[in-house]
Amino acid sequence: GIAPNDRVLLVGSGLTAADVVATLMRRGHLGRIDLLSRHGRFSAPHGPAQAETSGDFAGAPARTARGLLRRVRAVLAADAAAGLTWHAAFDRLRAQGPAIWAALPAPERRRFLRHLRGLWDVHRFRIAPQTHAILQNSIASRRVRPLAGQIVSARAEGRSAILEIRPRKSRALLTLEVDRIVLATGPSHAEAIRQSPFLTALAELGLIAPDPLGLGLATAPSGAACRADGTAN
């Protein structure tokens with residue numbers, strides 16, 4: 001339903017947004033495309049075939065988000081000296097994720113989610129090289145304009161939408177008029193139970209419970225769902 005000359009706003013700059021950009025470019029879209037996200041980050045591309053990192057995050061795992069960040073930086077520096085890209089360290093982080101997460105107390109998990117999750121997501125959820133090339137070329141040719149900030153208000157005006165956006169690290173508001181808005185922020189994990197009648201029914205029976213950090217369902221280390229009383233089901 002997006003016409004070739006429509007002014008499009010994509011909310012989110014991850015994999016879904018990149019897929020939408022690639023689709024619009026394939027269709028020969030001519031209108032302006034704005035790509036809005038809170039931090040202006042993009043999903044990183046896949047890396048080359050290479051040796052595994054020598055870094056380890058599960059042995060004596062970090063107990064704080066800051067300690068984990070320091071360890072990751074140290075491994076990245078050692079890997080770079082050995083001729084490896086950052087992908088090797090993040091592959092190891094992904095493989096050892098359960099042990100890393102289990103070692104962090106709840107306050108440190110919250111700190112990680114507040115300060116580091118965005119960086120983790122763009123390196124963990126990687127973009128296909130073809131889609132990455134299309135996105136970067138579209139930005140370089142100014143067919144796509146990246147914006148970092150948040151929507152303050154939105155109102156309808158005829159067939160268009162008028163939005164006020166507060167750019168990141170700025171107090172001045174940017175007014176944007178668009179014809180189409182595409183939501184590409186991904187699922188709302190904190191709303192998973194409420195948005196599913198099936199999960200809502202299970203929660204009402206006490207068979208499942210929400211994750212206290214808003215990540216979806218509360219689970220035991222085994223992966224089993226936790227009941228409302230915290231025991232594994």
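Reader: Is Trp101 buried, exposed or partly exposed?
Author: This is a predicted model, where local features need pLDDT of at least 70, side-chain atom pairs count only at pLDDT 80 or more, and totals for chains, interfaces and linings use all residues. Residues are numbered from 1 along each chain as its sequence is written, and side-chain values use heavy atoms, leaving out hydrogens and water. Buried means under 20% relative accessible area, exposed over 50%, partly exposed in between (1.4 Å probe, protein chains only). Trp101 has 26% relative accessibility, so the residue counts as partly exposed.

Reader: Which kind of aromatic pair do Trp101 and Phe112 form?
Author: Rings of Phe, Tyr and Trp (its six-membered ring) pair if their centres lie within 6.5 Å; planes under 30 degrees apart are stacked, over 60 edge-to-face, the rest tilted. Here the centres are 5.9 Å apart and the planes stand at 75 degrees, so the pair of Trp101 and Phe112 is edge-to-face.

Reader: Which helices hold Trp101 and Phe112?
Author: Helices are DSSP runs of H or I, at least four residues, numbered from the N terminus. The pair ties together parts 11 residues apart in sequence, because Trp101 lies in helix 4 and Phe112 in helix 5 (residues 106-115).

Reader: Is Phe112 buried or exposed?
Author: Look at the relative accessible area of Phe112. The value is 13%, so Phe112 is buried.

Reader: Which residues does Gln96 touch, not counting those up to four places away in sequence?
Author: Gln96 sits in the loop between helix 3 (86-95) and helix 4 (97-103). Contact means heavy atoms within 4.5 Å. Gln96 touches Asp56, Phe57 and Ala58.

Terms used. Helices (H or I, at least four residues) and strands (E, at least two) are DSSP runs, numbered from the N terminus.
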